[in-house]
Amino acid sequence: MAKLDSKIPKGSLSKKWTNHKSKINLVSPANKRLIDVIVVGTGLAGASASATLAELGYNVKTFCFQDSPRRAHSIAAQGGINAAKNYQGDGDSTFRLFYDTIKGGDYRSRESNVYRLAEVSTNIIDQCVAQGVPFARDYGGLLDNRSFGGVLVSRTFYAKGQTGQQLLLGAYSAMNRQIGRGKIKMYNRHEMMDLVLIDGKARGIITRNLVNGEIERYSAHAVVIASGGYGNVFFLSTNAMGSNVSASWKIHKRGAHFANPCFTQIHPTCIPVSGEHQSKLTLMSESLRNDGRIWVPKKLEDVKAIRAGKLKATDVVEEDRDYYLERRYPAFGNLVPRDVASRAAKERCDAGFGVNKTGEAVYLDFAAAINRYGKEQAHVKGLDENDATLVKKLGQEVVRAKYGNLFQMYEKIVDQDPYETPMMIYPAVHYTMGGVWVDYNLMTSIPGCYAIGEANFSDHGANRLGASALMQGLADGYFVLPYTIGDYLSDDIRTGPISTDSPEFEAAEKEVKDQMKAFVNNNGKHSVDYYHKKLGKIMWDKCGMSRNEKGLKEAISEIKTLREDFYKNVKVPGGSEEFNEQLAKAGRVADFLELGELFAKDALERTESCGGHFREESQTPEGEAMRDDKNFTFVSAWEYKGEPSNAKLHKEELKFKEIEVKTRSYK
Amino acid sequence: MITTTIARKLAMALSGLFLILFLGQHFTINMTSVFSEKTFNFLSHFMGNNLVVQFILQPLLILGVVFHFVMGFVLEIKNTRSRSVKYQSYKGSANASWVSRNMIISGIVVLSFLGLHFYDFWVPEINYKYIEFLPQDPDRYYGELVHKFHSPFRVAIYALSFVFLSLHLFHGFSSSFQSMGLNNKYTRGIKLFTVAFSLVIPAGFIFIAIFHHQNG
Amino acid sequence: MNLKLKIWRQANAEAKGKTITYSISDISPDMSFLEMMDMHNEQLIQQGEDPVAFDHDCREGICGMCSMFINGEAHGPDRLVTTCQLHMRKFKDGDTITIEPFRANAFPVIKDLAVDRSAFDRIQQAGGFVSVNTSGNTQDANAIPIDKHDADKAFDAATCIGCGACVASCKNASAMLFVSAKVSQYALLPQGKVEATDRVLNMVNQMDEEGFGNCTNTGACEVECPKGISLENIARMNRAYLTASLKG
């Protein structure tokens with residue numbers, strides 16, 4: 001495979017995107033009609049890309065494994081979407097958003113891409129409002145903003161705790177319009193099984209119809225992968241049950257480099273694991289940290305009493321509480337970035353201060369906020385500010401208006417009333433910054449194959465800031481890919497329709513069919529989930545919030561052994577030509593078992609700590625992460641060479657011209 | 001126009017409200033029989049011989065009744081066919097009132113009652129006026145009324161039918177406003193009025209029947 | 001907890017289905033309903049039987065994919081939750097739980113408890129959008145202030161997750177709550193008003209073509225809706241439809 005060429009346009013940072021857009025090749029409207037594009041995935045990136053591509057005139061074929069494009073997991077994003085609108089007049093700007101994102105990503109993202117993201121962020125809000133997305137508004141009828149972790153301005157637009165849902169439904173509606181016009185052909189309940197290359201170019205995909213098990217062929221002049229992240233390699237994560245790496249992994253195996261696989265975001269505020277039966281974890285929005293204070297008891301005997309059920313959290317007096325984030329990071333307090341907050345929680349729990357039975361939970365307490373808001377309300381209403389019951393009632397009303405749906409969700413799951421007693425939270429796998437390597441045009445190292453949204457690696461470096469995932473998904477889909485793809489497709493205007501009868505399609509289809517047959521005929525003894533859980537445990541214990549050389553080496557060999565056992569002993573009931581969820585899962589877990597190993601290898605190779613990647617060997621005396629800019633200011637792009645551990649590393653050097661690389665400090 | 005769901009809904013609502021209007025008028029006239037035989041005879045005679053009432057309002061009313069029940073059946077059939085495989089366990093009571101779910105039952109009872117009622121009053125009346133052309137007698141109505149409520153059996157059937165009418169009204173009245181697109185700050189008021197109306201009117205009718213049975 | 005499960009089993013759309021009774025033990029009250037189903041499936045796999053097919057994805061109550069009819073109610077006995085948010089503490093030791101697919105002719109069964117809800121997609125494709133180009137070259141987002149109450153109401157309508165509980169609960173299998181939620185969201189916002197007439201006519205026509213039943217205002221949909229979408233939306237749609245019809 002050729003040397004990495006990130007194709008960053010020349011010129012000053014702020015002009016790059018504008019200049020690039022006006023110089024790249026275009027496809028005329030008449031010729032667009034002759035060109036097919038495949039989009040895999042219908043989250044924010046896939047849905048918005050499909051809609052815009054169809055609107056530009058391409059024939060789009062879109063695929064999703066769910067029963068409707070509206071169910072893609074972007075729907076579950078809660079908090080909000082960033083945009084440098086500066087509606088609050090608090091000093092925000094494109095540059096500041098760019099700067100915050102680079103800094104938040106611990107200087108491991110590509111300057112030019114991030115700047116472009118910040119630049120188009122404002123268009124997203126305009127676009128969504130025009131589409132009828134009901135963002136939160138103030139009494140003057142204008143858009144409201146809130147604040148998120150790691151930044152000092154209010155630039156997050158939101159729709160209660162359901163921003164992702166509203167944005168996705170907006171993109172889905174834009175898609176529906178094009179489906180109605182016949183410009184998008186939608187394939188629900190179809191899973192991409194492989195990428196087909198003809199003469200080295202991406203020319204189609206093989207899919208499995210999940211309803212009847214049929215293996216089908218689809219051709220196109222370009223293929224866009226928008227299949228999301230791979231957090232489910234950990235088994236337990238905040239991802240949806242069906243979220244998987246397969247589409248990304250298949251193109252990796254066909255020649256696309258996989259970048260920074262070890263960069264995973266562990267979100268600090270999730271509902272803790274309750275038992276062995278747990279199938280997934282639930283996020284509590286970062287917005288809660290605007291008002292919630294995080295603490296554990298100072299004294300170990302209090303911890304013991306709490307775990308034994310002899311002491312209630314509310315009975316621990318103020319002096320005996322350790323508000324460890326406020327203590328360690330006075331400037332940002334409870335609103336430090338996610339990686340910092342997660343590690344701090346782990347540090348306390350590892351020291352024995354975890355407050356639930358498993359010892360893996362800390363408190364997120366709203367009592368102070370309830371009291372503060374209550375007093376404020378009492379004052380506004382001219383009532384007695386010293387009446388504790390009244391203040392509490394008024395304060396609870398304010399908190400209910402702000403976070404009601406999240407509190408209700410917590411109560412349904414945990415069966416405790418968070419208005420009365422502090423929430424218990426613990427970090428959980430949430431997002432993967434790593435992904436398929438792409439150039440400035442979002443093209444992977446396979447010509448004609450693109451990756452957008454969480455599936456690619458480009459914008460968040462080693463840690464993503466809150467409310468930036470939605471921004472990136474929509475930026476890629478609405479405003480970047482549909483234009484950059486024209487540059488490539490301009491060579492294809494005379495290609496004509498691509499036949500699916502070629503030997504390449506034949507061979508790819510056969511491979512898929514053989515794999516399916518092998519699974520259903522395997523007659524092993526363990527279910528697919530058995531292996532997925534085992535893999536998840538290895539990943540969490542050895543490639544989780546903190547990593548070390550010994551653990552990573554063990555992980556690599558354990559995953560390899562587990563994978564071999566999987567192929568020998570996995571049991572998939574039913575046949576391959578029918579609705580068979582276990583079979584679909586088997587294919588996905590097979591890919592996770594390979595990715596997991598590459599993940600560990602990448603983490604082993606990167607001996608520095610940066611963002612979500614914490615190597616115990618590289619920390620300051622106070623236990624803060626320590627970057628090694630001299631040796632690691634690069635993107636690790638892995639080329640597939642058979643076994644994951646044989647993957648070949650390519651380095652894309654990161655150059656920071658506009659900003660100074662500093663130690664990230666939130667103190 | 002009456003092919004789509006919403007148009008049919010509106011048609012049910014409008015015909016229903018029209019029948020409710022008639023019901024109110026019928027009730028008012030009947031109630032006079034309790035207080036004054038004379039007023040009752042006067043009003044009955046007017047209604048029975050006024051040309052507008054006889055040849056415009058009466059056919060309209062019959063049309064309204066026929067339309068309301070035919071449409072009711074059409075909807076019921078379509079609705080039943082929308083779920084051809086039934087649930088084995090369906091807890092309708094958990095989320096909707098019995099009356100709202102069983103308008104067809106209360107409707108059929110009221111319809112059967114209408115049959116009896118036509119047989120009791122309307123058929124003899126038509127026979128009297130338009131078939132046998134018997135002489136005008138402006139004072140005959142009260143006597144006929146009292147005579148009909150002589151049998152306790154008939155009074156019981158009337159009373160039972162009015163209970164079902166009450167159930168039918170209980171859902172139908174306020175629901176027709178929802179069908180017409182009215183669901184706002186007045187909805188509470190409409191609902192309260194519905195409760196009052198669907199209790200008072202049928203109860204009043206029952207009272208009239210029992211009153212004449214006792215005093216007849 | 002030990003439970004009896006009466007589950008609808010149907011091999012595919014054409015097959016004739018039937019209810020099969022299973023026993024399951026050692027259920028923790030902290031489990032979610034779907035985790036109980038996972039455990040049950042794990043046992044079936046170990047016994048060499050076909051696991052029960054059911055739709056699910058996000059497991060946090062927002063994607064709208066899970067769709068069971070549990071003990072006679074869509075998403076089970078709890079209120080304002082989807083099946084994935086239902087927890088076993090809502091049941092008692094020794095209970096018998098009947099689990100059926102959402103039933104409506106417009107939602108044909110695919111397998112066991114999984115149904116095909118693409119009728120909902122087709123209704124949305126008929127008009128559930130604002131016809132604006134996705135170029136980003138629109139006016140500034142704050143160019144049109146929107147009354148906060150309208151914006152909030154539009155949001156409430158827009159929270160519909162398209163799960164189909166309204167259809168499943170309605171004794172007539174009517175889709176009015178679903179369709180009216182989308183119609184309302186746009187009817188309440190200035191951006192949606194421009195094509196309001198065509199939207200409501202097209203969406204209602206498509207709804208009828210899909211074979212959903214008629215609304216008889218029983219209100220079951222509102223009670224069973226996991227997002228608490230209000231009946232007010234249906235009234236608003238009725239109004240919009242009548243106005244649109246008169247306009248022609």
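This is a predicted model: local features need pLDDT of at least 70, side-chain atom pairs count only at pLDDT 80 or more; totals for chains, interfaces and linings use all residues.
**View 1. Where chain B touches chain C.** This contact involves 32 residues of chain B and 39 residues of chain C. On the chain B side, the elements that supply two or more residues are α1 (5-35), α3 (51-81), α4 (98-101) and α7 (152-179) of chain B. Among these, α1(B) makes the largest contribution, with five residues. Sorted by class, the residues of chain B that touch chain C comprise 11 nonpolar, 15 polar and six charged.

**View 2. The fold of chain C.** Chain C contains nine helices and seven strands. Along the principal axes, a box of roughly 60 × 35 × 35 Å holds the C-alpha atoms of chain C. The chain has 248 residues, and 62% of them count as buried. Taking the contacts in chain C between residues at least 6 apart in sequence, 70% link residues at least 24 apart.

**View 3. Two domains of chain A.** The domain assignment divides out domain 1 (267-429) and domain 2 (514-631) in chain A. The centres of domain 1 and domain 2 of chain A, taken over C-alpha atoms, are 32 Å apart. Six residues from domain 1 of chain A and six residues from domain 2 of chain A take part in the contact. On the side of domain 1 of chain A that touches domain 2 of chain A, helix α10 (residues 338-353) of chain A gives the most, with five residues. By class, that side of domain 1 of chain A has one nonpolar, one polar and four charged residues.

Key
Residues are numbered from 1 along each chain as its sequence is written. Chains are lettered from A and ligands numbered from 1 in the order in which they are written. Two residues are in contact if their C-beta atoms, placed from the backbone, lie within 7 Å. Helices (H or I, at least four residues) and strands (E, at least two) are DSSP runs, numbered from the N terminus. Ala, Val, Leu, Ile, Met, Phe, Trp, Tyr, Cys and Pro count as nonpolar, Asp, Glu, Lys and Arg as charged, and the others, Gly among them, as polar. A residue is buried if 20 or more other C-beta atoms lie within 10 Å of its own, exposed if 12 or fewer, and partly exposed in between; C-beta atoms are placed from the backbone. Domain bounds come from an automatic or database domain assignment.
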